Amino acid sequence: MPLRWESGALLVLDQRLLPASETWVRCETVDQVADCIRTLAVRGAPAIGLAAAYGMALAARADEDLQSAAVLLRGTRPTAVNLAWAVDRTIAAEDPLAAATKLHEEQLDADRRLAEFGAERFTAGDRALTHCNTGALATGGIGTAGGVLRTAWEQGRLAQVWVDETRPLLQGARLTAWELGRAGVPFKVIADSAAGGLIARGLVDEVVVGADRIAANGDVANKVGTYPLAVLAARHGVPFYVAAPVSTIDPGAVSGAQIPIEERDPAEVLGAIDREPGHSGGGLAAFNPAFDVTPAELVTAFFTEKGVLEPPYEETIGRVAAG
């Protein structure tokens, strides 16, 4: 669990330091929460939504202007729609802390239900490939795609997980591997560029990823590197599944073209180069989009807490988004 409310403060498990150190950051102000979101101490669309909701509760307790707090939090990570959704839910509540706590409880329930729906698509012996981190660290519950994988393993429907290392910040190698290891799920970390070869050799039975925003037509924004996986899966006839709560759907985005793509500090990419022996990022230019968009036509199905959604997505997504 990456977040907990304790003695009037939000405690955030610092994901920047995992797996080497399990360190908690104590946030007593909305500015501290915003900094944790912006710098990836907490990450994952549902989890940053929950953090933002607790940030609004801290602002309310300090009698700060809630509209200003909302603007601050919404601006930290523009792609993940859960963040703005959670802020809007909290700012409209009489008791922001109670609203944040309720959102946390709802996320736990949503994760469990979507994991059950997703696990039904697996069969014994399956080898799944996943990208980035979508377990409990990313949601505050049991995870989206990570929760599906863990549930499938517990039900005897999964043999192994291939874990993309996920460049440049290694959320797969650092975080997903850490979570799967703790849960006892067999896995192997692979270079992102190795995925295509594994799929072509018939060593992947399904690809399962999370999402940061889903457009009304089913286009998906997720961690950069997701789109190539969807193309590879389609080329080789491998199912490509997206696991996400309904709160990740943005009915206001007609297609992926309306989804803002966060561009992060190029130093994150150059820092990955610096970590390689004998290399230095000094003097190099870099471009660092945090997400890419996968067209709906490449998505086999969505796993949500309201069931499995299949094409035509304009209809099935529209129904669940409307409640």
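## A salt bridge across the chain

Arg-121 is partly exposed, with 31% relative accessible area. Please keep in mind that this is a predicted model. The partner of Arg-121 is Glu-310, and the closest N and O atoms of this salt bridge are 2.8 Å apart. The two residues come from distant parts of the chain, 189 residues apart: Arg-121 belongs to the loop between helix 5 and strand 4 (126–130), while Glu-310 belongs to the loop between strand 14 (307–309) and helix 12. Glu-310 is partly exposed as well, at a relative accessible area of 37%.

## Buried charged pairs

Side chains of opposite charge can pair when their charged atoms come close. A search of the whole structure turns up 15 salt bridges. One of them joins Arg-213 and Asp-250, with 2.8 Å between the closest N and O atoms. Arg-213 sits in strand 8 (residues 213–215) and Asp-250 in strand 11 (residues 249–250), so this pair ties together parts that are 37 residues apart in sequence. Are these two residues buried or exposed? Both Arg-213 and Asp-250 are buried.

Another salt bridge pairs Glu-268 with Arg-264, where the closest N and O atoms are 2.9 Å apart. Glu-268 and Arg-264 are both buried. These two residues also take part in a network of salt bridges, which links them with Arg-77 and Glu-262.

## The largest pocket

Now for the open spaces. The largest pocket holds about 430 Å³ of space. It is lined by 23 residues, and Ala-136, Leu-137, Arg-150, Glu-179 and Arg-182 are the closest to its centre. Helix 6 (136–139), helix 7 (145–154) and helix 8 (171–183) are the elements that give two or more residues to this lining. By class, the lining of the largest pocket has ten nonpolar, eight polar and five charged residues.

## The second largest pocket

In the second largest pocket there is about 300 Å³ of space. Its lining is made of 18 residues, with Trp-85, Arg-89, Val-246, Ser-247 and Glu-305 nearest the centre. At least two lining residues come from each of helix 4 (81–91), helix 5 (96–119) and helix 12 (313–321). Which element supplies the largest share of this lining? That is helix 5, with six residues. Nine nonpolar, three polar and six charged residues make up the lining of the second largest pocket.

Rolling a probe the size of a water molecule over the atoms shows where empty space is left. Here the count comes to two cavities of 30 Å³ or more. The largest cavity has about 290 Å³ of space. Of its 31 lining residues, Arg-43, Gly-44, Cys-132, Asp-212 and Phe-291 are the closest to the centre. Helix 2 (45–61), helix 6 and strand 9 (220–223) are the elements that give two or more residues to this lining, and the largest share, three residues, comes from helix 2. The lining of the largest cavity has 15 nonpolar, ten polar and six charged residues.

The second largest cavity has a volume of about 50 Å³. Among the residues that line this cavity are Pro-46, Leu-50, Asn-82, Leu-103 and Gln-107. Helix 2, helix 4 and helix 5 each give two or more residues to the lining of the second largest cavity. Five of the lining residues are nonpolar, four are polar and none is charged.

## Backbone points to check

Most residues other than glycine have a negative phi, and most peptide bonds are trans. The bond from Arg-167 to Pro-168 is cis, with omega near 0°, and Pro-168 lies in the loop between strand 5 (158–164) and helix 8. Pro-311 and Pro-312 are also joined by a cis peptide bond, with omega about 0°. Pro-312 is in the loop between strand 14 and helix 12, the loop that also holds Glu-310.

Asp-63, in the loop between helix 2 and helix 3 (66–74), has a phi near 60°. Its relative accessibility is 72%, so Asp-63 counts as exposed. Cys-132 has a phi of about 65° and is found in the loop between strand 4 and helix 6. With 8% relative accessibility, Cys-132 counts as buried, and this residue is among the closest to the centre of the largest cavity.

Note on methods: Residues are numbered from 1 along each chain as its sequence is written. This is a predicted model: local features need pLDDT of at least 70, side-chain atom pairs count only at pLDDT 80 or more; totals for chains, interfaces and linings use all residues. Side-chain values use heavy atoms; hydrogens and water are left out. On a 1 Å grid over the protein atoms alone, a cavity is a set of points where a 1.4 Å probe fits but cannot get out, and a pocket is an open set with protein on both sides within 12 Å along at least five of seven lines; lining residues have an atom within 4 Å of a point. Grid points are joined across faces, edges and corners, and a volume is the space filled by probe spheres set on the points. Helices (H or I, at least four residues) and strands (E, at least two) are DSSP runs, numbered from the N terminus. Ala, Val, Leu, Ile, Met, Phe, Trp, Tyr, Cys and Pro count as nonpolar, Asp, Glu, Lys and Arg as charged, and the others, Gly among them, as polar. A salt bridge is a side-chain nitrogen of Lys or Arg within 4 Å of a carboxyl oxygen of Asp or Glu. Buried means under 20% relative accessible area, exposed over 50%, partly exposed in between (1.4 Å probe, protein chains only).
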